[in-house]
Structure formats: structure tokens, C-alpha cells
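Reader: Could you go through this one with me slowly? I would like to ask as we go.
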Amino acid sequence: MGLFKHDARVIKFDLLRYTADLAFKGELSEEKLNAYYKALIPGTKANYRCCVYKEREVLRQRGRLVRGMMANDVAEHNPRQIVQVIEAACDGCTIRKIQVTDNCRKCMAKSCMGSCNFGAISMGENRAVIDYDKCKECGACARNCPYHAIVVTERPCKSACPVDAIKWNDDDIAIIDETKCINCGRCLAACPFGAIEDISWIVPVIDDIRNGRKMVAMVAPAIQGQFEYANLKQIREGILKLGFSDVVEVALGADVVAYEEYQELKEHMANKVPMTTSCCPAFVNMAKIHFPSVYEKNVSTMVSPMMARAAMIKKEDPDCGIVFIGPCLAKKQEAMEEHTSVDYVLTFEELAAMMISKHIYLREISPEGNEWEASLGGRNFAQGGGVANAVMEVAKSEGVDNIKAYYADGANECKKQLLLMKVGRFNFDILEGMSCEGGCINGPCGINDAMDVKKRMNKENETHKLTINESLKRMGYESGSVHVHRTK
């Protein structure tokens, strides 16, 4: 869903923009933020919750996340848990999973009662009644009701999570099981109240810029088409106006990853062991946490394009700050892994908020300079199937065209294919796993609808024919010149 079609995301964006404005001016303070919360929700009439005081509390907890703190004041600081629950906002969902609706006819068959093995259903005055102290939420009553009068309503965050990391506390507030969470952001995208949000590094990035540190922005391939009226050149110039020293394409790192991943794939194929890609951190997290044997045996040892590109930059300038800009939440967690070269991660939401705070309007920019030099295959890492296609492009350049690839579109499909791989029933050479359906262009912190982004991206790249090998030659890349493999 686009940024401005969801009220909770609009409010989040307003807060990001205002915080960025204060940070750029060096005027960020608790007092000014509290005044802004009241300005956003004036008077005594609530728009979304029981009262304006609760709505302001939700804003206050959002404000803590925007400044890189835990949403909950008393929670132990854990910046690696990127996705967090705003407790004050998590009370609008239906608490009961199994409910009897007005469609109940109090029929003579009483199928609901007969199917319940726990004695949780009885006939009330007007309809069947559920004793929730006895109900096990098995759903048998709903399946057997001839009128479909009993409904099963799963909370959106719970149903969206592919790894069963959402639970409830004693107050029926959602909690995230950090031992299971892969930071994919699906719960964040699914919550209709904006009660699950991500921690932000927008303030320290702005502070480093203000303090004169050389800061290099790396933009994810998915940035193409995110801004409706701006091409890559305009986006680059807009980011430079924020105070960054340089802006580079992560797609150049994707070119390196495609080349090196094929070299690793050749070894896997020789040993008849299928291999997975490793560019999606949520997919890698899923394998590492939930399918450890697959992670050890099948997951490529390549770092992601973000990490590869950052390593290339740090090799040339070890003291510069590196900021990755993309639509992904799991990248924030990946940037804190051991031996990382990435200092900060910003989302497209945060980038847009920074630009608006500085009154930078991309459509008004007339950029100068040459086109960036990443290949079309590298840029297409942003779209589902693009990673495997890039690996096969490298293979074909070496005369190999018999590789069998499978694209797992979305976290649920990733989980299914990893399970097949675990039990030896994956019958392909390489598995491309993307946690977000459609690829990175549909990341949880994109600012436009994925289909519109894809159309604009493809249109801008219509005449871009640079191959991966040509890109590698232009940048003078030699295998082994930069450390691009991770330690499992």
C-alpha cells in the first residue's frame, strides 16, 4: 500500500519529517516533540481511539522509535529488535479469535455444540454462546456450523507472520518473540492501527551530517520508480542536497554478488547440492533461525549487495560513514552483524521525510553528469526473480545455460521451499528467496505501490543494456579483491 493511503503511515511520516527538521536545525528536544504531539491531535475529540490522551501517548511511543529508542520506556534497550510493538496502539483488534455472529439461528442440529470437545458452547437466549475460559480456539465449531455463523478472526499481525513470532501478553497486547522473529516487517505492514513499527536511525545520520563527517549514501535498486516524478539522476542530486558527500548504486554490489554467487553455485552443482541466494536478509534469517541445517549446507556464503558495496567503499575510504537507503527493515538488523561496513540504514520513508524537511522537491531538479554504471541485471535484483536471472546471466556468459532456478515469492513460499530443501525434495539447482512478494519493490517501507514502481522502473531502464560483465569490467572488479563472503 502506498505511503499516503494509510492514516497511521501518514502520521508516522509527519513525525519523521518534524523530527528530521528539528535534528537538521539542532533543536531536537522532548519539549518540542511533546508540543508537536498536541498540535497533531488538538482539542479533546479523538479520531481513532478512546481519547486524545491515548492518541498522544501513541505518538509519544512512536517518537521514541523515531529517535532510536525502545517504544516502551521500561523495556531493556535492544536495538537489534528492529520491529517493535507500540503497546498503547495495540488495543483495537478483536481479542477473541472465535466468535458467534448474528447469523446464528439456534438450530435444532446444534452442530457447534456437538463438535466442541471442550464443552465451551451452549445455547443462550438469542444465539449460541462461547465460554472462553474453556474454548481452545480449535475452530471445530466454525467448520461445522451449517449457517457459517461462527467466524474465525485471526489478528492481522499474527496471520501475516510467517514464523509464528507473534504472541500475546496477559493484557492481550501483542508481543514479538525475538528468538523467532526474522525482522521481515510483514506484521508491520499488516497492522491496520500502525501498532507495530520500526526503530529509526534518522537522528544519528543527521547528526553526523551536521558534524561534518563524510557520509556516503548507498541506494537500493528498489529506489527506481519510488518517487513518481523523479529518475535516478534526480534522486541522486536530491540526496546530495541533504549533505551527503556521495551517492552510489547498491546495484554495483549486486553485480559483484551475481558473479561470485555463480562461482559458488558451480561448486554446489558439482557436488549435487542445491544452493540458495543470500541477498534478502529476512530470508537468510528464516533459514538461520528456523532451518539451521539448510543454512549450514545450502545457503550461499555471499554477503548481500548492500554489504558487498559497503566493503568496496570502506576499502577506499575507511573513515567515511555509509548509509544504506532502501525499503527493507531487516537491513537495519543486517547492518549490525559482525564485520559490517554499514554504519546506518534508512528506509525510503525516512529519506522522503528528510527531503521534505529540507524542502527538496525531486521533480524540480535538473541533474547533471553521466548515467550511473550498474548493470540492468544488478538493478533488477529489486524485482522478484531478478537475483536468479542475474546469476544465470553470468552463467550464460561462461557458456552454461542448463541451470534450473526456482523463485520463492514471499515469506510463506520461502518457508515451503526451505522445508523441501531440508527433506531433500527441492529439485532445482538454485533457490531465490524473497521475503516480500514481488521482491524488494514491495518492501514494507516503500512509499509507492509496487506495481506502479515496477512500471516506472522498467520504463526508465528500457534503453539500459549494460551487462553484468561490462559493469564489473568498468569498476575494475577482480574476484577476491574485496571480502564478499560471510562466516556461517
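Reader: Which residue in β13 is the bridge partner of Gly326?
Author: The bridge partner of Gly326 in β13 is Thr347. Strands here are DSSP runs of E with at least two residues, helices are runs of H or I with at least four residues, and both are numbered from the N terminus. This is a predicted model, where local features need pLDDT of at least 70 and side-chain atom pairs count only at pLDDT 80 or more, while totals for chains, interfaces and linings use all residues. Residues are numbered from 1 along each chain as its sequence is written, and side-chain values use heavy atoms, with hydrogens and water left out.

Reader: How many bridges join β12 to β13?
Author: Strand β12, residues 321–326, is joined to β13 by 4 bridges, and the two run parallel. Two strands pair if DSSP finds at least two bridges between them.

Reader: What is the order of the strands in the sheet?
Author: The open sheet has 4 strands in the order β10-β9-β12-β13, with parallel pairing. Because β10 (246–249) and β13 (344–347) are at the edges with a single partner strand each, one side of each has no neighbour in the sheet.
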